[in-house]
Amino acid sequence: MHHRNVRIVAQHLLSDNWYLLKKIDFELQRRDGSWQALSREVYDRGNGATIALYNLAQRTVILIRQFRIPTFVNDHDGYLIETAAGLLDNAGPEERIRLEAEEETGYRVRSVRKVFEAFMSPGSVTERLHFFVGEYQPEDRVSAGGGLADEGEDIEVLELPFEQALAMVDDGRIMDGKTIMLLQYLKQIMPSSPALTIVLAGANLPALQTCAGELLQAGHFPLLAPLLANEGSVGDQAHYHEYAKALLQRCDAVLCIGGESAGADPLVELARQRGLAVYDDPREVPAARPR
């Protein structure tokens, strides 16, 4: 095997116990034109594929947690959170990643899309990894997943809010390279919104307060809307109508909790007339960009 500036001199098989470990003697032509004799150990375990499963409506991702002995012996507890992945084993990348996704996560993905390829540890490992993304729906889950016990796999399946997964990268709970790369790629598919001022409407005060806390954590500004007089509020309907109009002039969206409500419905109707976004589930509200 030769290239115009690389000459393979000799290859020595060091191990074929699991995959192939070789010592390769070669000559490399340097940029100044001189040739240098070098020797490196190279581990050939084949090529692989990995996939990020995401749900756009729920803004969630499917990840897995499994034990990895190389991380355990390098100052980690060994339980790595990752995207589903596997070696190709003579299959095509798309065929293999569909099989691996179902085997490890239990989800039978309808459509997958390849986004790029990368060498993950080119200083010593030959592996070229094929990266995929695929949108999943709850009904796509056909089994519990978990991997193959006879191959030593004991995989825990995790469904996480996308923003939580990103936070886990920031604080070190996710340290797997391929997973970090795919989560960063998903930012293009699931972009965050600007910080929104969101009016919360409904008759269930504890639920509204809980929702307000979730929106604050997601980077937004929640406001609890006062109700009509017959639900404990600010005055008669005419006065409330004028108040709601003034409030909505300063807001971006309305989130109505708990279904139809005599107090919330007029506010929602006004919001629709003004062309504001109206949500009925806090999970529909995209997270805000960091300020």
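This is a predicted model: local features need pLDDT of at least 70, side-chain atom pairs count only at pLDDT 80 or more; totals for chains, interfaces and linings use all residues.

Reader: What makes Met-190 count as buried or exposed?

Author: The cut-off for buried is under 20% relative accessible area. Met-190 has 2% relative accessibility, so Met-190 counts as buried.

Reader: Which residues is Met-190 in contact with, leaving aside its neighbours within four places in sequence?

Author: With those neighbours left out, the list is Tyr-54, Asn-55, Leu-56, Arg-59, Thr-60, Val-61 and Phe-162. Take Leu-56: Met-190 and Leu-56 are 134 residues apart in sequence, yet 6.7 Å apart in space, C-alpha to C-alpha.

Reader: Now Ala-52, please. Why does Ala-52 get the label it has?

Author: Ala-52 is in strand β5. Its relative accessible area is 4%, and buried means under 20%, so Ala-52 is buried. Not counting residues up to four places away in sequence, Ala-52 touches Thr-83, Phe-132, Val-133, Gly-134, Leu-182 and Leu-186.

Reader: And Ala-167: why is it called partly exposed?

Author: Ala-167 belongs to helix α3. Buried ends at 20% and exposed begins over 50%, with partly exposed in between. Ala-167 has a relative accessible area of 32%, so it is partly exposed.

Reader: What about Asp-75 and its relative accessible area?

Author: Asp-75 is in the loop between α1 (69-72) and β7 (79-82). Exposed means over 50%; Asp-75 has 80%, so it is exposed. Asp-75 also has a positive phi of about 65 degrees although it is not a glycine.

Reader: How do you know that Asp-89 is exposed?

Author: By setting its value against that cut-off of over 50%. Asp-89 has a relative accessible area of 55%, so exposed is the word. You'll find Asp-89 in the loop between β8 (84-87) and α2 (93-105), and its phi is positive too, about 50 degrees, although Asp-89 is not a glycine.

Reader: Which residues touch the most other members of the largest nonpolar core?

Author: Of the 22 residues in that core, they are Val-61, Leu-63, Val-133, Phe-162, Ile-174, Leu-183 and Leu-186. The elements β5 (48-55), β6 (60-67), β10 (128-135), β11 (156-161), α3 and α4 each supply at least two residues, and the largest share, five residues, comes from α3. There's also a second, separate core of 16 residues, including Ala-225, Cys-256, Val-268 and Leu-276.

Reader: What does Ile-174 touch?

Author: Leaving out residues up to four places away in sequence, Ile-174 touches Leu-63, Ile-81, Ala-165, Met-168, Val-169, Thr-179, Ile-180 and Leu-183.

Conventions
Residues are numbered from 1 along each chain as its sequence is written. Side-chain values use heavy atoms; hydrogens and water are left out. A nonpolar core is a set of buried Ala, Val, Leu, Ile, Met, Phe, Trp, Tyr and Cys residues joined through side-chain atoms within 4.5 Å. Buried means under 20% relative accessible area, exposed over 50%, partly exposed in between (1.4 Å probe, protein chains only). Helices (H or I, at least four residues) and strands (E, at least two) are DSSP runs, numbered from the N terminus. Contact means heavy atoms within 4.5 Å.
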